[in-house]
Amino acid sequence: MPPRQRLTPVERRARLLAVGAQLFAQHPYEDVLMEDVAERAGVSRALLYRHFAGKQDLFAAVFRQASDRLLEQVPLDRPGDLLQQLVEGLDVHLDYFVAHRNTVLAANRVLAGDPVVQTIIDGELDALRTRLLGVLPLADDSVREAVAAVLKSWLVFVRVLCLDWLTTETCTRTELRDTCVGALLGALRPFLREDLVRGPA
């Protein structure tokens, strides 16, 4: 066990989240034990449980932090540069999915019925949809509702496809990314100018 350190409650929580994130990334959800988290963080189990009621509570906090960081890194802020931002944004997500395969699968499969985890996933999808709407060069507001529905369906499609790919890699990562980009550009074709919906070469 690492030597005990005197930390503020905020610092201690951050340390526990960091250790939790590492363990959930390295091992399947079922194999992560709270006593392992406490030992690696250099705290007692009692102190760990003061910060998190249980493993699901710890996981949800780790997952929320990861979701927030992912959203900060996704480059959806440049109107008129749709294709490049889609490619870069998917690369950011795939980088995380590959590096934290166990975490992603736990959130979307093992804990798929957990209301807190599902709320985090829904919030991330809603945030991505809002940002995509902000960079899409829509002709007018009359098509906004239709495009919003397309984006919602596409984001779910991407998540399901990427989860399947994490389980069984049936194609290369580049093929996966380009499939996701092409699917969105094809779905948006009726709503955008032709020169804006050309897929990857």
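This is a predicted model: local features need pLDDT of at least 70, side-chain atom pairs count only at pLDDT 80 or more; totals for chains, interfaces and linings use all residues.
Of the contacts in this protein with a separation of 6 or more, 66% link residues 24 or more positions apart, where contact means heavy atoms within 4.5 Å. Residues are numbered from 1 along each chain as its sequence is written, and side-chain values use heavy atoms, with hydrogens and water left out.

Now the overall layout. The protein has 9 helices and 0 strands; these are DSSP runs numbered from the N terminus, with helices being H or I of at least four residues and strands E of at least two. The C-alpha atoms fill a box of roughly 60 × 35 × 25 Å along the principal axes. Buried residues make up 42% of the 201 residues, with buried meaning under 20% relative accessible area, exposed over 50% and partly exposed in between (1.4 Å probe, protein chains only).

Let's pick up helix H9, residues 173-188. Its 16 residues reach 23 Å from first C-alpha to last, close to the 22 Å expected at 1.5 Å a residue; that expected span is 1.5 Å times one less than the number of residues. The buried residues of H9 are Leu176, Arg177, Cys180, Val181, Leu184, Leu185 and Leu188. Seen down the axis of H9, they fall within an arc of 165°, so they line one face of the helix; the arc is that of the directions from the helix axis to the C-beta atoms. The spacing makes sense, because an α-helix has 3.6 residues a turn and residues three or four places apart point the same way. The buried residues of H9 pack against H5 and helix H8 (144-167).

That brings us to H5 itself, which holds His93. His93 counts as buried because its relative accessibility is 13%. Leaving out residues up to four places away in sequence, His93 touches Leu70, Val74, Glu124 and Leu128. Leu83 is also found in helix H5, but Leu83 is partly exposed, with a relative accessible area of 31%.

On a 1 Å grid over the protein atoms alone, a cavity is a set of points where a 1.4 Å probe fits but cannot get out, while a pocket is an open set with protein on both sides within 12 Å along at least five of seven lines; lining residues have an atom within 4 Å of a point. The largest cavity holds about 210 Å³. It is lined by 18 residues, with Leu90, His93, Leu128, Trp154 and Leu155 lying nearest its centre. H5 supplies the largest share of this lining, 7 residues.

The second largest cavity holds about 70 Å³, and its lining includes Leu70, His93 and Glu124. Here H4 gives the most, with 4 residues.

Finally, the largest pocket has about 200 Å³ of space. Its lining includes Ala66, Leu70, Tyr96 and His100. The largest share of that lining, 6 residues, comes from H4.

Methods: Grid points are joined across faces, edges and corners, and a volume is the space filled by probe spheres set on the points.
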